[in-house]
Amino acid sequence: MAALDSGCTPDREVLRDAVRTLLSELARRAPGRSVEVRVPPYGAVQCVAGPRHTRGTPPNVVELDPVTWLRLASGRLGWLEAVAQGSVRVSGTRADLSDYLPLQISDR
């Protein structure tokens, strides 16, 4: 996060690992399959309780770039601000993640 705070983009491997760790944490805290969160090219998870999709494009999708995901997940950017700026693309009635963000990773 130090790289983000200084206005730099983290190294590719660091960025990838951070994105995947935070996506996994989101899926752990918001179990379910009604929303698909996509952070290309590093990962995607299904989360949030509710009706699940089985084929095709899910009705509830959140898609964003890796740096925006790290900023949202760490609390450096608010959900409403990110959506208003167009940094996060959302579709579907369940695609609001504001109840789950920011994420705090604790030592386990």
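Q: Two strands pair if DSSP finds at least two bridges between them; over how many bridges do S1 and strand S3 pair?
A: This is a predicted model, in which local features need pLDDT of at least 70 and side-chain atom pairs count only at pLDDT 80 or more, while totals for chains, interfaces and linings use all residues. Residues are numbered from 1 along each chain as its sequence is written, and side-chain values use heavy atoms, with hydrogens and water left out. Helices (H or I, at least four residues) and strands (E, at least two) are DSSP runs, numbered from the N terminus. S1 and S3 (residues 61-64) pair in the parallel sense, and the number of bridges is three.

Q: Which strands stand at the edges of the sheet?
A: The open sheet is formed by four strands in the order S2-S1-S3-S4, with mixed pairing. One side of each edge strand is left without a neighbour in the sheet, because each has a single partner strand, and these edge strands are S2 and S4 (88-91).

Q: Which residue in S2 is the bridge partner of Arg38?
A: Strand S1 (residues 35-39) is joined to strand S2 (residues 43-47) by five bridges, and the two run antiparallel. A hairpin of three residues leads from S1 to S2. Towards S3, Arg38 stands opposite Glu63, whereas in S2 its bridge partner is Ala44.

Q: Is H2 oblique or parallel to H3?
A: Axes are lines fitted to C-alpha atoms, for helices over the stretch in contact, and angles run from 0 to 180 degrees between N-to-C directions. Helix H2 (residues 12-29) packs with helix H3 (residues 66-73) at about 50 degrees, their axes being 10 Å apart. Angles under 35 degrees count as roughly parallel, over 145 as roughly antiparallel, 65 to 115 as roughly perpendicular and the rest as oblique. The angle therefore makes H2, relative to H3, oblique.

Q: Is Pro31 buried or exposed?
A: Pro31 lies in the loop between H2 and S1, and beyond its neighbours within four places in sequence it is in contact with Cys47, Val48 and Ala49. Buried means under 20% relative accessible area, exposed over 50%, and partly exposed in between, with a 1.4 Å probe and protein chains only. Since its relative accessible area is 52%, Pro31 is exposed.

Notes:
Two strands pair if DSSP finds at least two bridges between them. Contact means heavy atoms within 4.5 Å.
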